[in-house]
Amino acid sequence: MSDLIFKVHGESASPAKFIAKTRNFKLIIDEPEDLGGTDEHANPVEYLLAGLAGCVNVVGHLVAKELGFTINSLKIEVEGNINPDKLFGTSNKERAGFKEISLKLIPETEASIETLVTWLKIVQERCPVKDNLLNATPVSLEVEKQYAI
């Protein structure tokens, strides 16, 4: 199978709000009031955590089907901790990103614990978002200045 390409584009609505579009969807990214936003939408790192949970959900159901069991419901809890000092330019002692992310899956299923251990191992190996969080992925940033003639 050839590579799938995903694209997002958007525009700043304010210093703390970004409106993104992907396919036929609008994603509004905001910050809590104490970080300069209006607290009307999730912030970028919350979207990242939600993306991880969403990806684990998709892969989890796919793998369960391959292993021959049904997940009646799946609750996912994910959290991460960030020191904001680098973000705000007050210190370079710690990295800007998450120090740690933890994810807990709570499936309602008739599968045995042995099957769930196998299932979790495969889900961890095949989740693209988890792969991107664990492995360095080249990311390039560029700036393009627009000006009138």
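View 1. Cys55 is buried, with a relative accessibility of 12% (buried denotes under 20% relative accessible area, exposed over 50% and partly exposed in between, for a 1.4 Å probe and protein chains only). The model is predicted: local features require pLDDT of at least 70 and side-chain atom pairs pLDDT 80 or more, whereas totals for chains, interfaces and linings use all residues. Residues are numbered from 1 along each chain as its sequence is written, and side-chain values use heavy atoms, with hydrogens and water left out.

**View 2. The sulfur atoms of Cys55 and Cys127.** The closest cysteine sulfur to that of Cys55 belongs to Cys127, at 3.1 Å, which is too far for a bond. Cys127 is likewise buried, at 1% relative accessible area. The whole structure contains 0 disulfides (a disulfide being a pair of cysteine sulfur atoms within 2.5 Å).

**View 3. The contact between domain 1 and domain 2.** Domain 1 spans 1-41 and domain 2 spans 43-134, with bounds from an automatic or database domain assignment. Domain 1 contributes 8 residues to the contact and domain 2 contributes 4 residues (heavy atoms within 4.5 Å). Together the domains bury about 470 Å², 66% of it on carbon and sulfur atoms; buried area is the accessible area (1.4 Å probe) that two parts lose on being put together, summed over both.

**View 4. Ile29, Glu31 and Leu35 on domain 1.** These residues supply 56% of the area that domain 1 buries against domain 2, more than any other three residues. Between the domains there are 0 salt bridges (a side-chain nitrogen of Lys or Arg within 4 Å of a carboxyl oxygen of Asp or Glu).
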